[in-house]
Amino acid sequence: MSDSERTPLPLVFDEPRGRKKPPRHLADLAPDERTAYAKELGLPGFRAKQLATHYFARLVDDPAEMTDLPAGQREDLVAGLLPTLMTPLRTMEADRGTTRKTLWRLFDGALVESVLMRYPDRATMCVSSQAGCGMACPFCATGQGGLQRNMSTAEIVEQVVAGARALARDEVPGGPGRVSNVVFMGMGEPLANYKAVIGAVRRLTEPTPDGLGMSARGVTVSTVGLVPRMLQLAEEGIPVTLALSLHAPDDELRNELVPINTRYSVAETVDAAWNYARTTKRRVSIEYAMMRGINDQAWRADLLGDVLQERGDWGWVHVNLIPLNPTPGSKWTASDPADEREFVRRLEAKGIPTTVRDTRGREIDGACGQLAATEA
Ligand code: SAH
């Protein structure tokens with residue numbers, strides 16, 4: 001089917017026009033654009049590199065600690081290049097302080113969340129890429145409120161920097177540490193805010209002090225399956241991990257659970273995931289939220305296994321089962337553990353490596369968008 005034959009999308013894809021933009025920040029800019037921008041603000045160009053070092057390498061936010069800048073200029077430099085993008089409204093902790101969820105208020109009052117999850121061997125930041133989401137998946141708390149707006153590159157990066165600061169300052173049990181992984185599994189559909197998300201991935205992976213110096217392999221972009229964007233991402237030359245939120249192996253059910261499926265079928269979406277694995281040599285992750293009596297039947301496990309297996313057995317894919325985190329008032333609940341085990345068994349019998357997601361932070365409304373939904 002060609003693009004012009006497709007029916008127009010009933011979903012909100014683009015944010016409303018004419019909105020005020022978030023303040024421009026050094027993290028919005030590529031390293032080679034920063035000097036010119038400082039000059040544009042009437043500030044000495046070479047200061048941009050010093051500020052980048054404070055921001056990305058030293059993780060400093062207090063101007064008083066930036067002693068290499070003239071005292072009289074510090075406030076102006078910070079206000080110009082590192083403006084405040086978000087303020088924490090609420091922080092909630094679980095798992096003895098190793099899971100921390102923060103609700104942020106952005107400059108225009110929009111609310112987003114991020115979650116820091118510390119494990120013995122790594123620390124993962126789960127970030128939002130949009131305030132709200134236009135994809136309308138009925139089991140997801142964020143999907144119920146619609147899209148408010150896209151986040152800027154710097155707003156996305158700032159969530160990771162905030163987590164990096166908390167770890168560096170020994171505020172999280174386990175001693176001083178670093179963010180090793182970033183997952184775009186907070187609010188929003190990252191591939192619907194493609195440019196800002198790619199910018200953020202670049203800032204995360206640029207070597208310090210130009211960026212945070214993370215490995216691209218530690219970054220996971222999770223998508224409902226915007227096929228053209230998945231194909232584009234495969235060509236970017238940044239080997240991030242791609243996660244596809246499949247949730248059903250058949251169009252009939254997926255049309256309901258992930259409405260974008262009415263535009264891009266299971267077959268087209270899984271083909272795009274396969275193409276990503278083939279092009280980047282990165283194993284794709286299939287996300288599958290287990291919903292009791294909805295998508296957890298043995299026959300659906302077999303069908304999912306077939307859908308993935310028929311595209312190749314060279315280890316291009318693995319399945320990550322997510323126990324559903326029920327949202328308030330929703331008719332869906334998590335699967336029976338016995339059904340979950342049988343689902344895993346059947347996938348593995350077809351040669352598909354399968355894991356069950358460890359669910360952190362349930363008691364702090366850990367599921368996508370739940371905290372922001374409570375607040376709004
Ligand atoms: N829009 C992107 C990323 C955000 S959601 C995407 O859909 O992939 C991250 C993951 O959490 C997705 O797989 C999403 O389907 C899943 N999710 C959303 N609500 C959930 C819930 N209540 N329980 C379990 N998983 C959920």
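Arginine 122 lies over the face of tyrosine 119, at 4.1 Å from the ring centre. A charge counts as sitting over a ring if NZ of Lys or CZ of Arg is within 6 Å of the ring centre and within 35 degrees of the ring normal. Arginine 24 is placed over the face of tyrosine 37, with 4.6 Å to the ring centre.

The structure is a predicted model, in which local features need pLDDT of at least 70 and side-chain atom pairs count only at pLDDT 80 or more, while totals for chains, interfaces and linings use all residues. Residues are numbered from 1 along each chain as its sequence is written, and side-chain values use heavy atoms, with hydrogens and water left out.

Next come the aromatic rings. A search of the whole structure finds two aromatic pairs. Rings of Phe, Tyr and Trp (its six-membered ring) pair if their centres lie within 6.5 Å; planes under 30 degrees apart count as stacked, over 60 as edge-to-face and the rest as tilted. Tyrosine 55 and phenylalanine 56 make an edge-to-face pair, 5.0 Å centre to centre with 80° between the planes. Tyrosine 55 counts as buried because its relative accessibility is 2%, where buried means under 20% relative accessible area, exposed over 50% and partly exposed in between (1.4 Å probe, protein chains only). Phenylalanine 56 is also at 2% relative accessibility and therefore counts as buried.

In the other pair, the ring centres of tyrosine 288 and phenylalanine 343 are 5.1 Å apart and the planes are at 40°, so the pair is tilted. This pair links distant parts of the chain, 55 residues apart: tyrosine 288 is in strand 10 (residues 284–290) and phenylalanine 343 in helix 10 (residues 337–349). Helices (H or I, at least four residues) and strands (E, at least two) are DSSP runs, numbered from the N terminus. Both tyrosine 288 and phenylalanine 343 are buried.

The ligand is surrounded by 20 residues, and the closest are Gly188, Ser222, Ser245, His247 and Asn325. A residue is near a molecule if one of its heavy atoms lies within 4 Å of it. The shell divides into ten nonpolar, eight polar and two charged residues; Ala, Val, Leu, Ile, Met, Phe, Trp, Tyr, Cys and Pro count as nonpolar, Asp, Glu, Lys and Arg as charged, and the others, Gly among them, as polar.

A backbone N or O atom of phenylalanine 139 lies 3.2 Å from a ligand nitrogen atom, and one of threonine 223 lies 3.3 Å from a ligand oxygen atom. In the side chain of histidine 247, an N or O atom is 2.6 Å from an oxygen atom of the ligand. Taken alone the ligand exposes 530 Å², of which the protein buries 94%; accessible areas come from the Shrake-Rupley method with a 1.4 Å probe.

Two residues in strands follow. Glutamate 113 is in strand 3 (residues 111–118) and is buried, with a relative accessible area of 5%. Its side chain makes a polar contact with the side chain of lysine 101 (3.1 Å). A polar contact is a pair of N or O atoms within 3.5 Å; within protein, one must be able to donate a hydrogen and the other to accept it, and residues adjacent in sequence count only if both atoms are side-chain atoms. Glutamine 130 is in strand 5 (residues 130–132) and counts as buried because its relative accessibility is 1%.
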